[in-house]
Amino acid sequence: MTVSTADRARSAAPARPTATTRRRRNRYDGVTPWVFVAPTLAGVGLFYVWPTFQSFYFSFTEWGAFGGTTWIGTANYTRLFADPELLVALGNTVLYAVVALAGIPLAVWLAGLLNRPGLRFRSLFRVLFFLPVVTVPAAVSVVWKLLYNGDYGMINYALSIVGIDGPYWLQTPVVAVVAVGIVGIWTSLGFNMIILGAGLQAIPDDLYEAAELDGASRFQQLVHVTVPLLTPSIFFLTVMSAIGAFKVFDLIFLMIGNTSPVIKQTQTLVFFFYSKGFMVNDKGYAAAIGIVLLLIIAAVTFVQFRLQRRWVHYA
Amino acid sequence: MPSRAGARQGSNLAAYVVLGVGGFMMVFPFLYQLSASFMTNAEVQSIPKQLLPGDLRWDNYVNGISSFPFWDQLRNTAVFSVIRTASQVLFCSMAGYAFARMRFPLKNVTFALLLSILMIPGELLLISQYQIVQNLGWLNSMAGLVAPGLVSLFGTFMMRQFFLGLPKELEEAGRIDGAGPATIFFRIMLPLALPGVSALAVITFIDSWGAFLWPLIVASRSEDMTLAVGIASFTGEHQTFYPQIMAVSLLIMLPMIVLFIALQRRVISGLAFAGMKG
């Protein structure tokens, strides 16, 4: 433990000359930290840093049929911006994100109910709402496909009882994206409620008591105490949900499917990326889609951080 | 404040109704899946809808399992999830500890670089990761499946935050007693970090069990797939044989549901912790 001896010497014993020389040599903890971070740095370097640079490179190349790449400059990008599929995929992704974000006010409301003082069966409710979070998307999407079935699905059957003729949910453009987005809300609602619940519990009780003394109604308390103090959690969820929504792939792939006749009208950006990169092996083009996706996510996140000053209150 | 308590009591009735109805809607898909897994195909497709099966048809489970390499895929999924979880727990806590407590050149620059990579959508990196795994000859193998997920930026960040919150006294006491860095880390700090470690483990395990896009790309032979990918291709081949599909997909989720109900508090607080800190 020469390191820590020198370390202590720095503050405790400036007198010893050997400590001074050793202190200089041991300003750092030697090789030990590198042993601790080496596996992570190696893995990150190989599978994250290098691929990041390589993806930029790929986006300027054309993929040969037998492997190997040819530099084609910005041709992938000019082709991409002229590709009507890009706009459709982007539009669907934005629509999906809007649906996902609409789940946040719902989560705020439910988290508020769940955190009422004196509420019983709280952990039971928590389990019920949380169960969809821990399940396997591939395995739950099969039952949702069945529920959404246009001919004998439960949802259209329920609608028919009240006299509504439900659509073919997953085969109708626009409707399909919204339908998948509802499943997205279903799988994330419990998680959002937990995060908001943690935020709610951090609000001190005396704020409510003070508001009550001032004669604030329950609704006024909600608007002037709860929601403002919850905005950091809401902001966190908004950023995370938006990023997640822009990356949505598995639910679209699993519920609408790559063989669906409407997949071209219902695909999202990552599906578009996947179909070019791994279904038709147009990997240079796919890399360009990936870069555009990166820029969009960065821009959306940047705007959210800029806007946060207007509405997020930090205590 | 009896009046206030009374007022809350009164309106809690509405809360029970909303949470009860909402909670039922949340689990309804699982209940229907369970019920449909015992039906005949005709019962699933009947109109008016029937909610319960006429007979309990266990053979949907038997036939479902035997119509694709279920056991191979279950083994793959378990091995994949365990390796990823063990590896991430070890490496993330080591790196997180070093970034939180040790001093080395370029530490802050390195950490900032890791954080900026965390912002990049993983999907962008897929083509290149696929290339690397292909060049290493690891397609259709466990090595290829687990390789990119052996380390985690998110996990490293989360563990760093966790170690920053732990007191320094025990660590210093260990140093005075002459313990080396490995002893201090494994004997003192890691046990203290157990809540963070178990949160990371649970998150990684659940995430691995349901992982879809990377396994979909890496494994093309059905005996090399994980269950999450296996059920998708099974569904593609048996397009409309719903009872078997429901049975098999329930079996895939069963370990996660059991794990969650057993470790409910730990899972929820772990995810809340990760959410707040991550």
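**Exercise 1. Describe the area buried between chain A and chain B in this predicted model.**

Solution. Begin with the total: the area buried between chain A and chain B is about 9,000 Å². Carbon and sulfur atoms give 77% of that area. Next, consider individual residues of chain A: A:F36, A:F47 and A:Y152 supply 9% of the area that chain A buries against chain B, more than any other three residues.

**Exercise 2. Count the salt bridges and the residue pairs in polar contact between chain A and chain B.**

Solution. The count of salt bridges between the two chains is zero. For polar contact, the count is 10 residue pairs, both residues being at pLDDT 80 or more.

**Exercise 3. Decide whether B:S37 is buried or exposed, and list its contacts.**

Solution. First, locate the residue: B:S37 is in the loop between α1 (2-36) and α2 (41-44) of chain B. Second, apply the cut-off: buried means under 20% relative accessible area. B:S37 has 0% relative accessibility and therefore counts as buried. Third, leaving aside neighbours within four places in sequence, B:S37 is in contact with B:R57, B:N60, B:Y61, B:P243, B:M246, B:A247 and B:L250.

How values were computed:
Residues numbered from 1 in each chain as written. Chains lettered and ligands numbered in written order. Predicted model: local features only at pLDDT ≥ 70, side-chain atom pairs only at ≥ 80, totals over all residues. Heavy atoms only, no water. Buried area = accessible area lost by both parts, 1.4 Å probe. Salt bridge = Lys/Arg side-chain N within 4 Å of Asp/Glu carboxyl O. Polar contact = N/O pair within 3.5 Å; in protein donor to acceptor, adjacent residues only side chain to side chain. Helix = DSSP H or I, 4+ residues; strand = E, 2+ residues; numbered from the N terminus. Buried < 20%, exposed > 50% of the residue type's maximum accessible area, 1.4 Å probe, protein only. Contact = heavy atoms within 4.5 Å.
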